[in-house]
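Trainee: I am new to this model and would like a guided tour. Please take me through it one question at a time.

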Amino acid sequence: MKVRMRAIVVVLAVAISVWISSEAFAKPQGGGGSASGAATVTGKVYTIQKIADGVYYTTSTSPTATGGNHTIIVGDHDVFLVDAGATAAAGRALLEDIKLVTDKPVRWVVNTHFHWDHTNGNSIFGPEVQIIGHEYVRHFIADLDVIHLEPFKTALANMPIQVDALKKQIGDEKDAAKRAPLETQLAAKQADWEEFKALKPTPPTMSYSSKMTLFQGSREIRLLFLGRGHTQGDTFVYLPKEKIVCTGDMMETQLAYMGDAMFDEWITTLDAVKELDFGTALPGHGVPFHEKSLITAYQSYLRDLLAKVAELRKQGLSAEETAQKVDMTSHKGDFPQIQGPGAEVRGIRRMYQWMDERAKK
Ligand SMILES: [Zn+2]
């Protein structure tokens, strides 16, 4: 009797969980970037959220570097992956965790742009996988010395500094309970450093200049270059039937790195994105979002930053001083990571350089 009862309870539990997950799968995503109501599975390194049939979005809280968030698009025969991760190890961990949602092989990878946190995992893919990028991404990784150029240069240089800082913190920490998470962080950082040192820059095997359309069985995947902005070659991945757009770092739900930006073109390119018919945007960093008004808010952040930096520069401040002083706190309602005055210094240095480039034209 007891055994039978347990069997009934198990059957009921399974039935309820199936019902809950199918209910969640059928529901559109909650607004405001919330993942509530979404079906998710958690792997060793990545959390994988179902966005639509065969379309998944990854996030990670792993202490090791994972890089940008991925979109996984499962077709009739194979998988199309958006971005390759921050290290070869991250790429491999992703391929492991993807098995939680499909047993089909990854055959296509797109690099949304050349930055290391989206491309360093390229090296793990064999010749059976096509890596696609805008021709600028191919040029940057194939022709230039990416290891000694920003933003990888600083990321690599920061590794020993961060390792030493963690070691010092661990040495100073008397409480064993507080030391344990620091030791986890240290191990992760050391593993990342080894990965960084072993980096084999791997360019896309396929490039395009303005538009490329792939038919993954019955699914249409459009790769769109809509103009320069965050870098000089960013790709949007657009699924017209599903009304989903992957925005890379051109549009995040947080402030993007600006060290390679073409600022005025960035604002114009975002206008072109808003013209796409989409209901869900999956960014390179942050969380899914649904409202085009967030893009407008980011455009207004960029315009405001340009005006404020130009003003401080006119007063004779260096890029470093401006990065300390520029006050963007009026935008913190849209971008809560803004905690006080200041902006990331490499973005402001780039803005000064960009202003010089424009003045010469
Ligand atoms: Zn980026």
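Trainee: How many salt bridges does the structure hold?
Mentor: This is a predicted model: local features need pLDDT of at least 70, side-chain atom pairs count only at pLDDT 80 or more, and totals for chains, interfaces and linings use all residues. Residues are numbered from 1 along each chain as its sequence is written, and side-chain values use heavy atoms, with hydrogens and water left out. A salt bridge is a side-chain nitrogen of Lys or Arg within 4 Å of a carboxyl oxygen of Asp or Glu. By that rule, the number of salt bridges in the structure is 16.

Trainee: How many residues apart are Glu242 and Arg219?
Mentor: These two form a salt bridge, with 2.5 Å between their closest N and O atoms. Glu242 sits in the loop between strand S11 (236–239) and strand S12 (244–248), and Arg219 belongs to strand S10 (residues 219–224). Helices (H or I, at least four residues) and strands (E, at least two) are DSSP runs, numbered from the N terminus. The pair links distant parts of the chain, with a separation of 23 residues.

Trainee: Is Arg219 buried or exposed?
Mentor: Buried means under 20% relative accessible area, exposed over 50%, and partly exposed in between (1.4 Å probe, protein chains only). Arg219 has a relative accessible area of 9%, so it counts as buried.

Trainee: Which helices do Asp264 and Arg358 link?
Mentor: Asp264 and Arg358 form a salt bridge, their closest N and O atoms being 3.4 Å apart. They are 94 residues apart in the chain, and the helices they link are H7 (residues 263–275), for Asp264, and, for Arg358, H10 (residues 345–360).

Trainee: Which residues are joined with Glu344 into one network?
Mentor: Glu344 forms a salt bridge with Arg346, where the closest N and O atoms are 3.0 Å apart. Glu344 has 39% relative accessibility, so it is partly exposed. Through salt bridges that share partners, Glu344 is in one network with Glu150 and Arg346.

Trainee: How far apart are the end C-alpha atoms of H10?
Mentor: The expected span of a helix is 1.5 Å times one less than its number of residues. H10 has 16 residues and should therefore span 22 Å; this agrees with the distance between its end C-alpha atoms, 23 Å.

Trainee: Which helices do the buried residues of H10 pack against?
Mentor: The buried residues of H10 include Ile348, Met351, Tyr352 and Trp354. Contact means heavy atoms within 4.5 Å. The packing partners of these buried residues are H7, helix H8 (292–314) and helix H9 (319–325).

Trainee: Which residue does a polar contact join to Gln299?
Mentor: Gln299 is placed in helix H8 and is buried, at 2% relative accessibility. A polar contact is a pair of N or O atoms within 3.5 Å; within protein, one must be able to donate a hydrogen and the other to accept it, and residues adjacent in sequence count only if both atoms are side-chain atoms. At 3.0 Å, the side chain of Gln299 has such a contact with that of Asp271.

Trainee: What does the twist average in the open sheet of 5 strands?
Mentor: The order here is S9-S10-S11-S12-S13, with mixed pairing. S9 and strand S13 (280–283) each have a single partner strand, so one side of each is left without a neighbour in the sheet. From one strand to the next, the twist averages 20° (axes are lines fitted to C-alpha atoms, for helices over the stretch in contact, and angles run from 0 to 180 degrees between N-to-C directions). To repeat the value, the average is 20°.

Trainee: Which residues form the covered face of S9?
Mentor: In a regular strand the side chains alternate between the two faces of the sheet. In S9 (residues 211–216), the uncovered face holds Lys211, Thr213 and Phe215, and the covered one Met212, Leu214 and Gln216.

Trainee: Which residue takes a positive phi in the hairpin of S9 and S10?
Mentor: S9 and S10 run antiparallel and are joined by 6 bridges, with Thr213 opposite Arg222. The hairpin has 2 residues between the strands, and the positive phi, near 65°, belongs to Gly217.

Terms used:
Pairing = 2+ DSSP bridges.
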